[in-house]
Amino acid sequence: MQTIQVSRAPAVSPITIRERIGSISTGEIISVLKGDITGLHIKQAFSIEVAEEMTANFIRNPGLKERKDGVPGQYIGASHYRKDAATYFAESESARPFVEDLFSNLVDPVRGLFDALMRELRNQGIELRLARSVHGQSNICCALRWSGTATYALEPHDDVAQVLCAGSDYELPAVGNNTVVALNFYASMAEEGGNLRIWSHKPTVADRKSQGVESTGYPYSTSYLEAVPCHDFQLKAGDIALIDGGFIHGVTRQSGNGKCRLLLHSFLGFARPDLVLWWT
Ligand SMILES: O=C(O)CCC(=O)C(=O)O
Ligand SMILES: [Fe+2]
């Protein structure tokens, strides 16, 4: 008798990576939004002095909190992960002064990128704005420090499940059918490790179901990813990385001189052909 084996190997999707030194261009950001570039790494994209100052502002910030949603880490701001819109937007509103304190009297590089992209998209007849609801609106970013201590400081995951499953009281689910872009400004890096690793696999809803992560996209097991090629972004303070968050990604274990790995994180994506939303 013949047995038919059902292959469970994840489908490999090609990834297009661009890495260079310099300042980021709005054209490249739009290429990631449109899915033409999977991962964009701009080295030395903002000043080390600003990066150091934001890190100091993070450490002494009274709004610093421990995550209590099963993802080990600390943060300032709000994450929509596993929250209904009322909770997320209320938290975004109450955290706003602490997010603003990260920048104190600095010229905020995140706001600088937002404003430049808003101008460029407006020229193309596209609106860029923060996500909002009757309960409030998103902040420009959320500051995050991962504290996982196993193989990964942040376990492999995708950013799309949480968007598709956000619920109809959010504007976000529409973005889940397009590219969900994760935008990261690295303010501080540990001496070793802390790479952003991206795998050549963009899970479908069926893939997520098979891995028991349908509504969270977190975490995928090491064995699931074993045969999938990956790329590591080796990051330094002052770098910016944008990825298509639909591809599985994670952060490798970090070690070294006690310096923390700190990023300022936001998401953006097309909700409609004439509207790009930005949230955290
Ligand atoms: O820390 C990083 O480099 C990636 C962060 C990330 O994937 C996330 O916040 O969803
Ligand atoms: Fe992510």
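Which polar contact joins the side chains of Asn139 and Arg96? The legend to Figure 1 gives the answer, and all views are taken from a predicted model.

Figure 1. The side chains of Asn139 and Arg96 are joined by a polar contact of 2.6 Å. A polar atom of the Asn139 side chain also lies 2.9 Å from the backbone oxygen of Ser92. Asn139 counts as buried because its relative accessibility is 3%, under the 20% limit for that class. Not counting residues up to four places away in sequence, Asn139 touches Ser92, Ala95, Arg96, Val99, Leu130, Trp278 and Thr280.

**Figure 2. The largest cavity of the predicted model.** A search of the whole structure finds one cavity of 30 Å³ or more. The space in the largest cavity amounts to about 320 Å³. Its lining comprises 28 residues, of which Trp146, Leu154, His157, Asp159 and His265 are the closest to the centre. Two or more lining residues come from each of strand E8 (142–146), strand E9 (152–157), strand E10 (181–188), strand E15 (249–252) and strand E17 (262–272). By residue class, the lining of the largest cavity divides into 15 nonpolar, nine polar and four charged residues.

**Figure 3. Residues around ligand 1.** Ligand 1 is surrounded by Trp146, Leu154, His157, Asp159, Asn184, Tyr186, Leu196, His249, Val251, Arg261, Leu263 and His265. In one, an N or O atom in the side chain of Trp146 is 2.8 Å from an oxygen atom of ligand 1. In another, a polar side-chain atom of His157 lies 3.1 Å from an oxygen atom of ligand 1. In the last, the distance from a polar side-chain atom of Arg261 to an oxygen atom of ligand 1 is 2.7 Å.

Figure 4. With a relative accessibility of 31%, Lys43 counts as partly exposed. Leaving aside neighbours within four places in sequence, Lys43 is in contact with Glu19, Arg20, Ile21, Gly22 and Asp239. From Lys43 to Ala131 the C-alpha to C-alpha distance is 28 Å, and the two residues are 88 residues apart in sequence. Although Gln44 is not a glycine, its phi is positive, at about 55°. Gln44 counts as exposed because its relative accessibility is 58%, over the 50% limit.

**Figure 5. Thr55 in helix H2.** Helix H2 covers residues 48–59 and includes Thr55. The relative accessible area of Thr55 is 10%, so this residue is buried. Leaving aside neighbours within four places in sequence, the contacts of Thr55 are Ala187, Ser188, Cys260 and Leu262.

**Figure 6. Backbone geometry at Ser104 and Pro219.** Ser104 has a positive phi of about 30° and is not a glycine. Ser104 lies in the loop between helix H3 (85–103) and helix H4 (109–123). A relative accessibility of 44% places Ser104 among the partly exposed residues. The peptide bond from Tyr218 to Pro219 is cis, with omega near -10°. Pro219 is located in the loop between helix H6 (205–210) and helix H7 (222–225).

Technical notes:
Residues numbered from 1 in each chain as written. Chains lettered and ligands numbered in written order. Predicted model: local features only at pLDDT ≥ 70, side-chain atom pairs only at ≥ 80, totals over all residues. Heavy atoms only, no water. Buried < 20%, exposed > 50% of the residue type's maximum accessible area, 1.4 Å probe, protein only. Contact = heavy atoms within 4.5 Å. 1 Å grid on protein atoms, 1.4 Å probe; cavity = no way out; pocket = protein on both sides within 12 Å on 5 of 7 lines; lining within 4 Å. Points joined across faces, edges and corners; volume = space filled by probe spheres on them. Helix = DSSP H or I, 4+ residues; strand = E, 2+ residues; numbered from the N terminus. Nonpolar A, V, L, I, M, F, W, Y, C, P; charged D, E, K, R; others polar. Near = heavy atom within 4 Å. Polar contact = N/O pair within 3.5 Å; in protein donor to acceptor, adjacent residues only side chain to side chain.
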